[in-house]
Amino acid sequence: MSTVLTEIDPEVAEALRAAIGDAHVIADRAARFHRARVPAPFPVHRWAEHVPGIVVLPGTTAEVAAIVVIANRFGVPVVPRSGGTGLTDGAVPLRGGILLDLKRLDEIHEIDLENRTCRVGAGVNMLKLNEVLGKHGLIYPDDPASYPCSLVGGRIGTSGWSLIGSRYGHTRDLVLSFTHVLPSGQVIQVGDGGGAKLSKSSSGYSLKQLFMGHQGTLGVATEATLKLYDKPEAELSPFWAFESYEEAYRAVGLIVRANCATFAGAVIFDPEKVAYLRRDDEAYIPQPESVRALVCAALYGNEEEVEAGGRRLMRIARDHGGTYLGDEISQGDWAARHDRYATPLHGRTRAGQVVPMGWHCEDASINYTAVPAVRKEWHEIMARLCRASEIFDDWGIFAYTNGPTGADYLVEIDVGIWEQELDDEAWQLWVNAKREFSAVAIAHGGSISACHGSCREGEVDLVPTELGGVFDVMLTIKRALDPGNIMNPGKYLLDRAYEEVE
Ligand SMILES: Cc1cc2nc3c(=O)[nH]c(=O)nc-3n(C[C@H](O)[C@H](O)[C@H](O)COP(=O)(O)OP(=O)(O)OC[C@H]3O[C@@H](n4cnc5c(N)ncnc54)[C@H](O)[C@@H]3O)c2cc1C
């Protein structure tokens, strides 16, 4: 199935209307284009190639299942889309077809105050959910930078990373179970054991991970049971400035291992990131030239423990060359973590010209010891890219911790791209650079992605290299569960599953 279905057979449209009602089936051009776009960079010059043929907005699990059955009957692709904020093109309908917009599944079905869980539709966003939970003194602590705009279903589809995951875990830990529509249309409950509210069982296969992070290629999550925590009494988010990256890097390693139970995460900003923030017109942290790196830590919990943990981290940072930036900058910048990325829509060309630039980031999962080497090699790739075309700008690197070990640093390079100037030639340069970023992560024992996924052009080529035999198992599973290749086809090189049997 490689044709792109940007137009839908009237018979398919009719079947969809009969299944979920006229009002929730939309075929007009604006609605279709609106749901083809994902965050930059996107080959804007080729946008028209990626629009769906029709948009459907189901309101129940049964309606989602009916749509998937129709897609199978007519052999039409179906692509789940939640917030559309995914950074690996997951929600882009590469083959057109039916765009399954899941935003109507936004009900909070149950809040279980005793067992500290809630059951919600997959179209709920974390901001709105926490407004309701807050009234009960609870939080759902999945806290990505896209907190106000990504939805629970998209978090499951990508298996996302939470910025306070060092304390509370990430999406995979916080989603206990979910209702899932398989590519056949069959509805199953995915989770540990038979109970929707369990997080540990030894009964049967553990399939929860399989149905997370698959980017909509193995079906659709429609309802989820989530683990809740007490709303923290206190939050502390100190920021420190360092005069060298090496000092900041050492301090982060020690902060992580400081044995503070309330530690929720730390982030290191490298010199290129600090320089970008300094020269950007909307910089949050305009620090003097002597500042080369920044570190921030977050502590969440009860007041006594947060205070004591804060004192300990302050001492470690100070003893290792850090200067505390004060309460105002610290609290303000941590509070801005959810909208930091909305502002940098302008960048500078090498000639210093200010131009509108879309934001993009490449992420990888690597260990603490590999962070400096990966950082250096990634900036070298960016330097070559910027020399080859002035539409690219290096906006620096963040590295986020994940708990008290050296495992799983989420390293992310931010890149500005002048989208209006993006043409086939520049797109190819970008795709090649993405392949190089991925190769570096793998060469250092890491993974192409810590949270966004790795199905975008360029990086996807190296997925079989990273996964080895596991990639072959992925092909077998995909073919077994989706024999018609209707679920989000064209992603993750999974078309190979079907080439093999021909
Ligand atoms: C400004 C910004 C900051 C970000 N910060 C972070 C961050 O800190 N941490 C992080 O992890 N990510 C981050 N991201 C990436 C993105 O927000 C996450 O990947 C998020 O999980 C995507 O959710 P979504 O609802 O937008 O999903 P979408 O983009 O709509 O979908 C993502 C993928 O999941 C599939 N999918 C969607 N819904 C379902 C469903 N119900 N069932 C099965 N599959 C489904 C889609 O087909 C697609 O492949 C950021 C993105 C932006 C734009």
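This is a predicted model: local features need pLDDT of at least 70, side-chain atom pairs count only at pLDDT 80 or more; totals for chains, interfaces and linings use all residues.
Local features were taken at pLDDT of at least 70 and side-chain atom pairs only at pLDDT 80 or more, whereas totals for chains, interfaces and linings use all residues. Residues are numbered from 1 along each chain as its sequence is written, and side-chain values use heavy atoms, with hydrogens and water left out.

Secondary structure follows DSSP runs, with helices (H or I) of at least four residues and strands (E) of at least two, numbered from the N terminus. Strands are said to pair if DSSP finds at least two bridges between them. An open sheet is formed by 5 strands in the order β5-β6-β10-β8-β9, with antiparallel pairing. Its edge strands, β5 (108-112) and β9, each pair on one side only. Direction ignored, neighbouring strands of this sheet are turned by 15 degrees against each other on average. Strand β5 runs antiparallel to β6 (residues 117-121), the two being joined by 4 bridges; Glu-110 stands opposite Arg-119 in β6.

Two helices lie across strands of this sheet. Helix α3 (residues 61-74) lies across β8 (175-181), β9 and β10, at about 45 degrees to β8. Helix α4 (residues 126-134) lies across β5, β6 and β10, at about 40 degrees to β5. Axes are lines fitted to C-alpha atoms, for helices over the stretch in contact (heavy atoms within 4.5 Å), and angles run from 0 to 180 degrees between N-to-C directions.

Leu-218 is located in the loop between β9 (187-191) and β10 (220-227). Leu-218 counts as buried because its relative accessibility is 7%; buried means under 20% relative accessible area, exposed over 50%, and partly exposed in between (1.4 Å probe, protein chains only). Beyond its neighbours within four places in sequence, Leu-218 is in contact with residues including His-180, Val-181, Leu-210, Phe-211, Ile-477 and Met-487. Leu-218 and Pro-10 are separated by 208 residues in sequence and by 26 Å in space, C-alpha to C-alpha.

Strand β21 (residues 409-417) is mostly covered, with 9 of its 9 residues buried. In a regular strand the side chains alternate between the two faces of the sheet. On one side of β21, Tyr-409, Val-411, Ile-413, Val-415 and Ile-417 are buried, and on the other Leu-410, Glu-412, Asp-414 and Gly-416 are buried. Strand β19 (residues 358-366) pairs with β21 in the antiparallel sense over 9 bridges, and Glu-412 in β21 is the bridge partner of Asp-363. Strand β20 (residues 392-400) is joined to β21 by 7 bridges, also antiparallel; here Tyr-400 has Leu-410 as its bridge partner in β21.
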